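Morning, everyone. Please look at the model on the screen, and I will walk you through some of its charges and strands.

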Amino acid sequence: MTALAQDRNTSQLIGAMLSASVAAAVLIYGGSIVMRNSAGDVTKGQTALGLIGVGIANHRVDNSDGAAGDEDIDVLQGVFKVANSAAADAITAADIGKPCYAVDDQTVAKTNGLTAGLATRSPAGVIVGVEATGVQVLFNEAILRAVLSGDRIIVPVRVTTLVGAGVYRVISPVAGKVLSIGSIIEGVLTTGDATLTGKIGGAAITTGVITITQAGSAAGDKDYAAPTAANTVAAGDELSLTVGGTNATASAANCFFEIERA
């Protein structure tokens, strides 16, 4: 193609409709949240991993008895109002511009459902507004993937020994919130458990302590902490892990801080 020499009728994609093949054994209701799986087929919004939000179903499709691709569905992209979650997962105006996560086919949440250091929910869309009756969400897969690519970072920390009370420090390259702290050990523990206390600028992060259990320990064991408060970090702040507990074997651990950018 060459450069234009006259006006062009360019198709609008944002706010438009796309067609997608439906995953096996699924019923998608009209008006529900639609997500794409790793195979490229779409399914209903749900609490699960390996999905990403696509849009809102333009009509009902029942592929309950079908294989993947037996049915197609029209999916609307754009801004739609869906149901909000409650308590710690309730989305507020402070979350505008951030991703939200699918709870079911009409509800989104503020968090990825972190449980024992592991996510349980997939991203649904980008928050653009909050009302008393719901959340305004931009559903567009390409935009969501772009937002997610820069939304969170991992800051690694190597703990050379889980014996004693050593402190291992790194610098946070971004401002944001510490969402999780994780560890994987390289050898067994003896005598007792080891702990790793996460801190920001020397101040302990609330519920930011990893406990590594000695009983049955082995190289490759993974443990996590899910901070709930005192977890706001500024760019350039010191992040640290302080060793504790009664372990007597100098096993090392590779650890990380997961930070959601401000």
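Let's begin with K98. K98 is partly exposed, at a relative accessible area of 23%. Here is the scale: buried means under 20% relative accessible area, exposed means over 50%, and partly exposed is in between, with a 1.4 Å probe and protein chains only. Salt bridges that share partners join K98 into one network with D151, R152, E258 and E260. A salt bridge here is a side-chain nitrogen of Lys or Arg within 4 Å of a carboxyl oxygen of Asp or Glu.

Some ground rules. This is a predicted model, so local features need pLDDT of at least 70 and side-chain atom pairs count only at pLDDT 80 or more, while totals for chains, interfaces and linings use all residues. Residues are numbered from 1 along each chain as its sequence is written, and side-chain values use heavy atoms, with hydrogens and water left out.

E260 forms a salt bridge with K98, and their closest N and O atoms are 4.0 Å apart. Is E260 buried or exposed? E260 is buried, at 12%. A word on names: strands are DSSP runs of E, at least two residues long, and helices are runs of H or I, at least four long, numbered from the N terminus.

How many salt bridges are there by this rule? The count comes to 11. Take K81 and E131, whose side chains meet at 3.0 Å, N to O. K81 is in strand β8 (residues 78–82) and E131 is in strand β11 (residues 123–131), 50 residues apart. K81 is partly exposed at 46%. E131 is also partly exposed, at 32%.

Next, R121 and D89. Their side chains meet in a salt bridge at 3.0 Å, N to O. R121 sits in the loop between β10 (108–109) and β11, D89 in the loop between β8 and β9 (99–102), 32 residues apart. R121 is buried at 15%. D89 is buried at 16%.

Now the sheet. Five strands form an open sheet in the order β8-β12-β11-β9-β10, with antiparallel pairing. β8 and β10 are the edge strands, each pairing on one side only. Two strands pair if DSSP finds at least two bridges between them. β11 pairs with strand β12 (residues 134–139) over 5 bridges, in the antiparallel sense. There, E131 stands opposite G134 in β12.

On to strand β16, residues 194–200. K199 has A204 in β17 as its bridge partner. The hairpin of β16 and β17 has 2 residues between the strands, and G201 takes a positive phi near 60°. β16 also runs antiparallel to strand β20 (residues 238–245), with 7 bridges. L196 stands opposite V243 in β20.

Finally, D72. D72 lies in strand β7 (residues 72–76), and is partly exposed at 48%.
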